[in-house]
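Okay, thanks for coming, everyone. Let me put it up.

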Amino acid sequence: MICVSQSREREQIYSTMESIREQALRHNPALGIHTALSWQSGWFIHWAEGPIDGLRALFDRVLLDSRHTGQQVVHLSEGRRLLMTPWSMMLSGSRESPEELGRRVQALVALRDLGRQYAPHSVLRQLIAPMRLGAALKLPDPECYHRIGVCSAWGTAAFDLVEWLGREHGVDVQRQRFAGETGLDSGSEYVDFMAGAYPCRVIAVARSNLTHGLRRALMQDWDLLALVFSGEPRHDDALLERVQESMQDLSMRPQLLAIAPDAACLARVVHHERAQALGLVGCAPVPPDDHALLWAELSDCLGQLQAPCSAGWPVPTLSLRA
């Protein structure tokens, strides 16, 4: 279930979310519930998974919380677990107005009233990181686009690639800061552009962000995750370990592509990857600062993918009310 509501508080919001986290970790484990809480532009977005009775108890309690108002359901379904951690949260510094985000909320509510809805990770993405590319919005399903993640073992190669793609396509790069489960922040940037007949989003993520609870949920419908290795064994091994941790228990995984600065580094990465059985689908020796060549490798992989799937999701007959 995903509920949205408007925050009554606009100052010290991080402290408010830390307080909510403390309460959630005290109440939710006994109910078998995993939750993720996001705040953006004056709105709380509360995603929870668990037994239906536990969800009833949770949202009955949340409804009485004076820190928010106007709770609305934007998603309700039965299905596999997507939130792998008991708690995660994200605090976005978007400058978007509450009214703009509110219009997307109402569009999702209206769609549910018509008996249609999107997958949980798609709902969250539409609220906090909507596709704004004009050509994509003209398509029958604006959520039907390729998603490619990029993460570097050291330095800013992933973020540099996204910045380069923004300049190449003449589009703005979107930047976000995520609040981690234990108070640590991590950055993410993404850029949207047309890649042939379909829109494409390339997402640069910090290494620490790979194991963030919400990131792990969102990456389950990524087509590809490119790992840009540094040639320094200590950093490269740490990235492989982080990837292995992030993929644990996921019901869907992105395909993995290894990018290394030279053939020797690539051979070492492949050897260690096989020991961890991560399932690389490709590898290429590319200098991390050669953005054109790096994108050429990613573009080749993109060309081999099937058309992006619809993000539609069944609307169940269950209700939170007994």
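Let's start at Asp249, which is exposed, with a relative accessibility of 62%. By exposed I mean over 50% relative accessible area, by buried under 20%, and partly exposed is in between, with a 1.4 Å probe and protein chains only. Asp249 sits in the loop between α8 and β12 (255-260), and its phi is positive, near 70 degrees, in a residue other than glycine.

A quick word on what you're looking at. It's a predicted model, so local features need pLDDT of at least 70 and side-chain atom pairs count only at pLDDT 80 or more, while totals for chains, interfaces and linings use all residues. Numbering runs from 1 along each chain as its sequence is written, and side-chain values use heavy atoms, with hydrogens and water left out. Helices (H or I, at least four residues) and strands (E, at least two) are DSSP runs, numbered from the N terminus.

Helix α8 covers residues 233-247, 15 residues, and goes 21 Å from first C-alpha to last, close to the expected 21 Å. That expected span is 1.5 Å times one less than the number of residues. Which residues of α8 are buried? They are His235, Asp236, Leu239, Leu240, Val243, Ser246 and Met247. Looking down the axis of α8, these buried residues fall within an arc of 140 degrees, so they line one face of the helix. The arc here is taken from the directions from the helix axis to the C-beta atoms. As a reminder, an α-helix has 3.6 residues a turn, so residues three or four places apart point the same way.

On to α6, residues 157-169. Its 13 residues should span 18 Å, and the end C-alpha atoms are 18 Å apart, which agrees. The buried residues of α6 include Phe159, Leu161, Trp164 and Leu165. After α6 comes Gly170, with a positive phi near 65 degrees.

There's another positive phi at Ser41, near 50 degrees, and that residue isn't a glycine. Ser41 is in the loop between β2 (34-40) and β3 (43-49), and at 6% relative accessibility it counts as buried.

Ser5, in strand β1 (residues 2-7), is buried too, at 4% relative accessible area. The Ser5 side chain makes a polar contact with the side chain of His68, at 2.7 Å. A polar contact is a pair of N or O atoms within 3.5 Å; within protein, one must be able to donate a hydrogen and the other to accept it, and residues adjacent in sequence count only if both atoms are side-chain atoms.

How much of it lies in the largest pocket? About 400 Å³. The largest pocket is lined by 22 residues, and the closest to its centre are Arg147, Asp221, Trp222, Asp223 and Cys309. A pocket, on a 1 Å grid over the protein atoms alone, is an open set of points with protein on both sides within 12 Å along at least five of seven lines; a cavity is a set where a 1.4 Å probe fits but cannot get out, and lining residues have an atom within 4 Å of a point. Grid points are joined across faces, edges and corners, and a volume is the space filled by probe spheres set on the points.

The search of the whole structure turns up one cavity of 30 Å³ or more. The largest cavity has a volume of about 140 Å³, and among its 13 lining residues, Arg125, Ala129, Arg201, Arg215 and Leu218 lie nearest its centre.
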